[in-house]
Amino acid sequence: MRYICIKCGVIWIIGEPGAELSGGLCDRCITQYVREKQKRQGFDDCFRKATEICSKTECSYWEHCMPAYTNYAEGGKKG
Ligand SMILES: [Zn+2]
């Protein structure tokens, strides 16, 4: 499936590139969007800035922020 970012127009492909084009937000725009939300909610705009496992597991974006680390977080926050 091919995806086009509804914000910046970048196109990326997940799996087989078909004729269909689906809309979404690219990684960069998601990052900007989430950081804006974090700031508005009075948190640090730390989304995807972490260089090690983030301790703020109560953050609603934790799992999106830490995909590379979720395998290490067994028994921690899950689902
Ligand atoms: Zn984008």
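Does R48 count as buried, partly exposed or exposed, and why? R48 counts as partly exposed because 17 C-beta neighbours lie inside 10 Å; a residue is buried if 20 or more other C-beta atoms lie within 10 Å of its own, exposed if 12 or fewer, and partly exposed in between, with C-beta atoms placed from the backbone. This is a predicted model, in which local features need pLDDT of at least 70, side-chain atom pairs count only at pLDDT 80 or more, and totals for chains, interfaces and linings use all residues. Residues are numbered from 1 along each chain as its sequence is written.

**Confidence**
- The protein averages a pLDDT of 84, and 85% of the residues score at least 70; pLDDT is the predictor's confidence in each residue, from 0 to 100.

**Secondary structure**
- The protein has two helices and three strands; helices (H or I, at least four residues) and strands (E, at least two) are DSSP runs, numbered from the N terminus.
- From the N terminus on, the order of elements is β-β-β-α-α.

**The sheet**
- The three strands form an open sheet with the order β2-β1-β3 and mixed pairing; two strands pair if DSSP finds at least two bridges between them.
- Because β2 (11-13) and β3 (21-24) stand at the edges with a single partner strand each, one side of each is left without a neighbour in the sheet.
- On average, neighbouring strands of this sheet are turned by 35° against each other, direction ignored; the axes are lines fitted to C-alpha atoms, for helices over the stretch in contact, and angles run from 0 to 180 degrees between N-to-C directions.
- Strand β1 (residues 2-5) pairs with β3 in the parallel sense over four bridges, and S22 in β3 is the bridge partner of Y3.

**Core and contacts**
- Of the 79 residues in the protein, 8% are buried.
- V34, F47, C59, W62, C65 and M66 make up the largest nonpolar core, which has six residues; such a core is a set of buried Ala, Val, Leu, Ile, Met, Phe, Trp, Tyr and Cys residues joined through C-beta atoms within 7 Å.
- Leaving aside neighbours within four places in sequence, C65 is in contact (C-beta atoms, placed from the backbone, within 7 Å) with F47, R48, A50 and C54.
- Among contacts between residues at least 6 apart in sequence, 3% join residues at least 24 apart.

**The backbone at R48**
- R48 lies in the loop between α1 (27-40) and α2 (62-65).
- Although R48 is not a glycine, its phi is positive, at about 60°.
- Most residues other than glycine have a negative phi.

How values were computed
Two residues are in contact if their C-beta atoms, placed from the backbone, lie within 7 Å.
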